[in-house]
Amino acid sequence: MRFWLLKSSHVLREFLVVWVLMVAMFGCLSHSKCKFEAIFNFGDSNSDTGGFWAAFPAQSGPFGMTYFKRPAGRASDGRLIIDFLAQALRFPFLSPYLQSIGSDYRHGANYATLASTVLLPNTSLFVTGISPFSLAIQLNQMKEFKTRVDELSRSPGRTGSKLPPPGIFGKSLYTFYIGQNDFTSNLAAIGIGGVKQYLPRVVSQIAGTIKELYALGGRAFLVLNLAPVGCYPALLADLPHSSSDLDAFGCLISYNNAVVDYNNMLKEALEQTRQTLPNASVVYVNTYSALLELFRHPTAHGLQYGIKACCGHGGGAYNFDRSLYCGNSKVINGSTVTAEPCSDPENYVSWDGIHTTEAANMIVAWAILNGSYFDPPFPLPELCDLYPIG
């Protein structure tokens with residue numbers, strides 16, 4: 001289904017210009033409205049705005065090259081879906097909860113960190129690369145944040161605080177974009193069959209987290225499902241497969257089928273959760289379909305490359321080499337080789353073989369914001385005056 005995507009980047013740019021002019025013309029005639037005053041996000045590298053690198057400072061270029069012109073804690077060349085969502089609601093970019101310097105939490109906080117899982121990891125970051133900040137830890141951080149906000153609101157001299165008012169928690173969007181690492185981190189070791197054994201626990205943990213946030217006052221929850229990882233250059237380059245396991249677009253059939261099974265399980269769990277939470281919006285966001293469309297038909301949406309990474313090494317169909325990840329260097333045959341970015345990331349869906357480009361993120365964000373992929377329908381444009389992204 002492609003009805004929601006504008007057919008070229010040129011048309012998209014023209015549309016955004018018109019939208020900007022309309023906002024400028026009519027903005028003075030009425031006050032902007034929005035039911036939501038903040039966003040609290042839970043996730044992994046797909047929505048981490050700097051939490052991981054605040055805890056483990058080391059990020060280097062070329063990450064952030066497109067928009068920020070420097071590394072900005074994001075696993076992309078620029079902005080993420082969560083950045084565009086904040087922009088549409090006219091909020092500042094979400095400050096990472098773990099960032100101690102320069103943070104502003106008046107419009108929410110971001111608990112996501114790169115390499116996070118839903119399930120509590122049973123290994124160390126320095127052994128397997130999995131973040132210690134699993135969803136349960138992120139939830140605990142949210143609880144502590146709310147406790148401190150409530151306490152400090154009763155303290156004198158709060159003027160000028162970068163914290164939100166205590167009543168904000170019932171007027172916020174709670175977003176989730178997490179689960180990819182639970183799915184992919186063990187694929188090579190135990191295969192799809194092994195991974196499927198614990199996916200029900202992943203879904204249950206997400207549903208349980210929503211219920212706990214509801215108890216804190218949360219009433220609006222957007223849960224982005226798992227992306228079509230079978231189209232990711234990293235998996236295509238690394239995981240053994242035969243030509244019969246590739247679809248007509250070059251994506252791994254068995255892996256994407258497994259993702260669909262997980263997403264159906266997640267959708268069902270959210271439906272059940274919704275029935276137990278009065279006056280709550282628990283919305284399943286079908287990011288999978290939006291991204292699958294881009295991987296399959298990049299040129300229909302102003303892009304050129306679907307399953308080839310912009311930043312990587314090795315060239316070929318995927319331009320991905322796990323031993324030489326984006327931005328890294330090593331000596332090969334006596335010469336120093338660096339995995340460098342392409343000069344035109346705006347033409348790629350995949351940034352580094354594992355994450356999407358700003359260009360892809362903007363197109364998916366637009367699809368989400370216009371309501372095409374909410375289940376059940378969620379009238380975000382009616383609840384808030386949305387501002388142009390881009």
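Arg-74 lies over the face of Phe-93, 5.4 Å from the ring centre. The criterion is that NZ of Lys or CZ of Arg is within 6 Å of the ring centre and within 35 degrees of the ring normal. Lys-308 is placed likewise over the face of Tyr-305, at 5.6 Å from the ring centre.

A word on the source. This is a predicted model, where local features need pLDDT of at least 70, side-chain atom pairs count only at pLDDT 80 or more, and totals for chains, interfaces and linings use all residues. Residues are numbered from 1 along each chain as its sequence is written, and side-chain values use heavy atoms, with hydrogens and water left out.

Back to Phe-93. The structure holds 22 aromatic pairs; rings of Phe, Tyr and Trp (its six-membered ring) pair if their centres lie within 6.5 Å, with planes under 30 degrees apart counted as stacked, over 60 as edge-to-face and the rest as tilted. Tyr-67 and Phe-93 form an edge-to-face pair, 6.0 Å centre to centre with 80° between the planes. Tyr-67 is in the loop between helix 2 (51-55) and helix 3 (81-88), and Phe-93 in the loop between helix 3 and strand 2 (108-110), so the pair ties together parts 26 residues apart in sequence. Helices (H or I, at least four residues) and strands (E, at least two) are DSSP runs, numbered from the N terminus.

Buried means under 20% relative accessible area, exposed over 50%, and partly exposed in between (1.4 Å probe, protein chains only).

Next, helix 3 itself. Its axis and that of helix 11 (residues 358-369) come within 8 Å and cross at roughly 50°. Axes are lines fitted to C-alpha atoms, for helices over the stretch in contact, and angles run from 0 to 180 degrees between N-to-C directions. Helix 3 and helix 11 are therefore oblique to each other (under 35 degrees is roughly parallel, over 145 roughly antiparallel, 65 to 115 roughly perpendicular, the rest oblique). Contact, meaning heavy atoms within 4.5 Å, involves Ile-81, Phe-84, Leu-85 and Ala-88 of helix 3. On helix 11, the contacting residues include Glu-358, Met-362 and Ile-368.

Last, Lys-211, in helix 7 (residues 187-215). Lys-211 is partly exposed, with 40% relative accessible area. Leaving out residues up to four places away in sequence, Lys-211 touches Thr-273, Thr-276 and Leu-277. Lys-211 and Arg-274 are 63 residues apart in sequence and 9.4 Å apart in space, C-alpha to C-alpha.
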